[in-house]
Structures are given as C-alpha cells and as structure tokens.
Amino acid sequence: MSAIKVEGVSKVFAGAGGQSMVALSDVSLDIADGEFVVLLGPSGCGKTTLLRIIGQLESPTVGRVRLDHGERQENADRPLGFVFQEATLMPWRSTGANVALPLEMAGVGRRERTEKVREMLSLVGLPDAENKLPHQLSGGMRQRVSIARALAHDPQVLLMDEPFGALDAQTRDMMNAELQRIWLENRKTVVFVTHSVSEAVFLADRIVMLGTKPGHIHSITEVTLPRPRTLAMTESAEFRALATELRRQIGEVQQDNDIRPAVSA
Amino acid sequence: MTTTDQRHPAPTTSSGQQLRPPPPTLSQRLRNNRWLSFYTSPLLIALFLVAWKVYVEVTDLSRFVLPAPEAVFKSFIEQITDPFVWQTHIWTTFYEVMMGLALAIVLGVGLGLMIGKSPLFDRIARPFIVATQVVPKVALVPLFILWLGFGPSSKVVMAALLAFFPLLINTSFGVRSVPGSMHDLMTTLKASRWERFWRADLPYTMPFILAGMELAVVQATIGAIVGEYLGGDKGLGRYAVNLQNGLQVDKLFGAILIMALFGFTLYSVVTGARRLLIPWHESVQPRRTP
C-alpha cells in the first residue's frame, strides 16, 4: 500500500516581471509505506518544491498529493516530521524543550513528554544534551536534535530537505550512517532530498532523479544493496557502478539544461 | 606557570620543542579584564573633578557660573536627603516616565507586531507613524498642556510619543526577521496563529523589543523632563527651572546629577531585564572569543 501518492502535480510560481516559472510539470509518484525514497537532481530541478508540496508547505497548482489513503486534509490528524536544511532549533529552548515542541503542541502531558524526549535524544545519540542550549552544540549535533524533534510525535512520514548539506564531508558520512540506523529501527516512510549522488545511493531504497526546465521525473532507480550499508560498501564495485550511472544521468539532465536556452533563443 | 608543572605539561613538537601560546599582550589583558571599568571609571571621574577644581581656582570664576565640585557635591547630598525633592520631583518624573513607557510599549509593540506581520498594514499606516516622528515634538508640548493641563498627563503623552517609535521600529524589524524555516516548522506542526505567535514570533522578537526598550527608556525620560521644563508644576524638569530662576547654580548642577542618575538607573533596570527575559541570547551570553 502506498503511503504517499503524488498525482499529476504541477507547480507554477509567479516570477519577476510578470513571467511565470514552471517548477514542476506533471509529476506522479507512489511511495510505499516504510520506503526510503531519495529525490536527486541538479539545482533548479524542483526537488525541494516537490518535497514541500508533499509536506503541505506549498500547494500544487495542478494535481494533488494523498497521504496514506484518503484526502490529506481529512487524514491529517498527525503532522508529518520535517527536517530542514538548517536545524531550525529555537535558540531560547533547551535541546530537550526543542524536541518536546511537537509533543507540547499535540497536548502530550509533561511526564510522557520528558520520557519521549529522553528516548528520542538517545536514539539520535545525544543522551546527555537535554539541558544544553542549541548554540552550545556543533552543527552535526544540532541537526541530530532536529531529527529527534521530527520523530518525537511519531509521524508516519519523515521529510528531509538536504539535512546534511551544510555539514563537512566526514560528519555527513557519519550522519548518513546514523540516519540509516535510526530508519532501520523505526521504519518510517522517508522522502529525502539531496544533490549528492553518493548520499543518495547510500541511503535510498529508490532514487527518483528529477530533470530541469521544467522539473520532471527523469528516471527511477532501485537500489538493492543489502542493509545495513556500511561506509566500506561505498568502495564496492556495485555501489560505484550505480553512482557512475547516476552521475552520467545528472550530466545528461544538466546538458539538457544548458542547451535549452540556446535552442529557444 | 612553570614548565615543570606535571599535570599540565606544555605540548611539544616532534623535535621536542615546547609549544606554548604566546603570552597575552597588554591590550588583550585589559580587554579581557571584566572589572576594567570598575578601575577606569572612578579614575576618569577623579581626573575630571581635579581638572574642574583647578579650572575654577585658576580662572576665579563666579560661583553663579561654575561652582566648585565640592559645593556641587554638598548641594547634591542635601538634595537627595531632602524628602521634598523625592516626593515632589523625583516621584513625579518617575511616574510620568513609567506611565509614558507603558503607553509606548502597548502602542509601539502592538503596532510593531501588526506592521511586521502585515505588509499591507505597513504601507497604509507607515506615513502616519513617520509623521508623528518628523514633527518637532517639542513644538507639541504647548498643545498637550493646552489639552491636558500642567499636571503629569501632558508629560506622560510626551514621554510616550518619544518612546514608542524605537519600540515600533525594533519590534516590526524583529517580527520580520523570524526565519522562513521557523514559519515552515510551525506550519508542519499545524500551529494555529496564536501558537505561532506565542511559541515562535514573540520569543524570537524579544531581543529586538528589549533593544528598543533601551532606547525607549532614555527617550521617555527626555520626553517627561522636557515636558516639565516647558510647562509643569512638578518634576525634575520643573525643579531645574526653579533652581535656575533662583540662581542656585550649585543645586542646578545637583539636579542635573540627579537626572543623570535617574536615567542611569532606569537604563540599568532594562539591561538587567535582558538577563532575566532572554538569558539564551548571544548578547547576554559571556563572550567566547579571546
């Protein structure tokens, strides 16, 4: 059964000078319950827009998104978990209080909140950070807290918009391994946006490659590498072949992008 | 620290050379000293007083122009031990400043939030708000006195008029600075308008409001005192006028000193409130750079 159904979604933005910009054109996608889907593509392909539409932060100009089965508005009693590019922690709240935010807003009692916060913080590997303020944490730790917050109210779907884009390469590798571990523990449906090919191959069950001008689905690739995947596996022939193929496709899409204006001019 | 310290041996390079950070320069040591102003302020004040005294003695100025520092000090002690000065003047000005500030907070923060939240309201209201500020406000005092009388009310209005603008500007700026991702977060959590305001906008704007308060408390004090000066029966501004008319120049200096301490105290209360209200903010945290 599909957890998320994207049906014929197009998105048009009003651009500068009265022009309209087509960000997405007729995108349809089924995401299964418990699946880890990565949206991959060059900048400007509309992958973040698609994620924001799935997360109800934007509404599609045409088409619709169904979560679970049923209209999303009716079936929306439990909010989604969203992890942004920046950790977006509230600097006036302690780490624990930040994680507790979705629980507070859902009206969960204090005792249960404290318990859940501790559980979430140990899940993301920060059991001792409860009383620290966000500015006392490193960038990687802050993003872990934001993942803990996104999971605190036990959402069915976790949406992640380039969550590790601002981290250095080593921290990023480590965070990817951590995210896989967390996902294997609770098997949420995850939609993850990135422009890093190796990140996509490492994490995904399925990679949806988006092309530009306008944003559309270019290809869908199943990743059958066994789990749990290790950083050592990124050196394997299978991993590399997949990554090479995806890089070739990105090249294709970008070339497309470079040629189009010349043709239309 | 000596190099024989066993618990903290200096790190060494591979060739065995000891590595230690360079000793801080004099200016670094002074900068890092928290108590610096506790030494420098009294020292500078003492220097100023000596220069003042020397000037008065050397030039043999009339005490109606510039009294000697000790004469001013004596008057000042008399004034602040005089219950009449407290009850009539200091209390009146304090009352006016507080009421003016309260009014300014309601107006400034309220309108600031609305302007910050609604670009439409901003475009409609801003010309009128700017108009209240570009009019020379001192010129409005006679009008306020005409309408509200010589009592405190006209000064309260004057204080509020001066104090609300910095609050409004800072508040609207703060509300607009709430990052888009914070709004997105609240949207994904299905926050109501009210929750969004209490949990995100208001705490985020608090440092900006308090920065506005620092300006507002100074402006409110000026507003109240200028109002009294131009037409009042009580308060520190009126007191200064009385002393000037009576040629009590040493007491006039004392009154100015009281006003300075008055402003200083209010300002300190506001900066102290930062520590209580926004202990998490960078401006309150101890500086981490050397």
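**Two helices side by side**

Guide: Helix H7 (residues 152-177) of chain B packs against helix H9 (residues 193-231) of chain B at an angle of about 155°, and their axes are 7 Å apart. Axes here are lines fitted to C-alpha atoms, for helices over the stretch in contact, and angles run from 0 to 180 degrees between N-to-C directions. This is a predicted model: local features need pLDDT of at least 70, side-chain atom pairs count only at pLDDT 80 or more, and totals for chains, interfaces and linings use all residues. Residues are numbered from 1 along each chain as its sequence is written, and chains are lettered from A in the order in which they are written.

Visitor: Why is H7(B) called roughly antiparallel to H9(B)?

Guide: Angles over 145 degrees count as roughly antiparallel. The angle here is about 155°, so H7(B) is roughly antiparallel to H9(B).

Visitor: Why is chain B called more spread out than a compact globule?

Guide: The globule rule is 2.2 Å times the number of residues to the power 0.38, and the radius of gyration is taken over C-alpha atoms. For 290 residues the rule gives 19 Å, but chain B has 26 Å, well over that, so chain B is more spread out than a compact globule. Its C-alpha trace spans about 80 × 65 × 30 Å along the principal axes of chain B.

Technical notes
Helix = DSSP H or I, 4+ residues; strand = E, 2+ residues; numbered from the N terminus. Parallel < 35°, antiparallel > 145°, perpendicular 65-115°, else oblique.
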